Amino acid sequence: MRRFIGLRLSGPLPDETTILNFRHLLEEHGLGEKLFDEINAPLASMGQRLRTGTIVDASIIAAPSSTKNLKRERDPEMHQTKKGISGTSG
């Protein structure tokens, strides 16, 4: 991704607030879809394309192992994992 947009780790990188403000500016002026189309045009000529989606950032944090709620019942949507192990267990 960094190579695609031309960012290098050796140089200054925009912080989260700068990126978020830029995103809001694009949304405010309806430019997100136009920019997306501009990026997809040359990719289409190479048989490639970008699609929209959602980026999820899941961070593993230290927390008690209990998944019980106030009713002292297990929450069916709560899962546990350990750092370095893929998948979840309930």
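Buried means under 20% relative accessible area, exposed means over 50%, and partly exposed lies in between. The exercises below use these cut-offs on a predicted model.

**Exercise 1.** Decide whether Glu27 is buried, partly exposed or exposed, then find its salt-bridge partner.

Solution. 
- Step 1: The relative accessible area of Glu27 is 48%.
- Step 2: Side chains of opposite charge can pair when their charged atoms come close. The side chain of Glu27 forms a salt bridge with that of Arg23, at 3.0 Å from N to O. The cut-off for such a pair is 4 Å.
- Step 3: Both Glu27 and Arg23 belong to helix 2, residues 16-28, and are four residues apart, about one turn of the helix. An α-helix has 3.6 residues a turn, so residues three or four places apart point the same way.
- Step 4: Searching the whole structure gives one salt bridge.

**Exercise 2.** Work out whether the length of helix 3 agrees with its number of residues.

Solution. 
- Step 1: Helix 3 runs over residues 32-45 and has 14 residues.
- Step 2: The expected span is 1.5 Å times one less than the number of residues, so helix 3 should span 20 Å.
- Step 3: The end C-alpha atoms of helix 3 are 21 Å apart, which agrees.
- Step 4: After helix 3 comes Gly47, with a positive phi near 75°.

**Exercise 3.** Classify Asn40 and Phe36 by accessibility, and list what each touches beyond four places in sequence.

Solution. 
- Step 1: Asn40 lies in helix 3. Its relative accessibility is 14%, so Asn40 counts as buried.
- Step 2: Beyond its neighbours within four places in sequence, Asn40 contacts Arg49 and Leu50.
- Step 3: Phe36 is also placed in helix 3. With a relative accessible area of 26%, Phe36 is partly exposed.
- Step 4: Leaving out residues up to four places away, Phe36 touches Leu50, Arg51 and Thr52. Phe36 and Leu50 are 14 residues apart in sequence, and their C-alpha atoms are 8.1 Å apart.

**Exercise 4.** Describe the protein as a whole by its elements, its buried share and its contacts.

Solution. 
- Step 1: The protein has three helices and zero strands, in the order α-α-α from the N terminus.
- Step 2: Of its 90 residues, 4% count as buried.
- Step 3: The protein exposes about 9,000 Å², of which carbon and sulfur atoms supply 55%.
- Step 4: Of the contacts between residues at least 6 apart in sequence, 3% join residues at least 24 apart.

Terms used: Residues are numbered from 1 along each chain as its sequence is written. This is a predicted model: local features need pLDDT of at least 70, side-chain atom pairs count only at pLDDT 80 or more; totals for chains, interfaces and linings use all residues. Side-chain values use heavy atoms; hydrogens and water are left out. Helices (H or I, at least four residues) and strands (E, at least two) are DSSP runs, numbered from the N terminus. Buried means under 20% relative accessible area, exposed over 50%, partly exposed in between (1.4 Å probe, protein chains only). Contact means heavy atoms within 4.5 Å. Accessible areas come from the Shrake-Rupley method with a 1.4 Å probe; for residues, only the protein chains shown count as cover.
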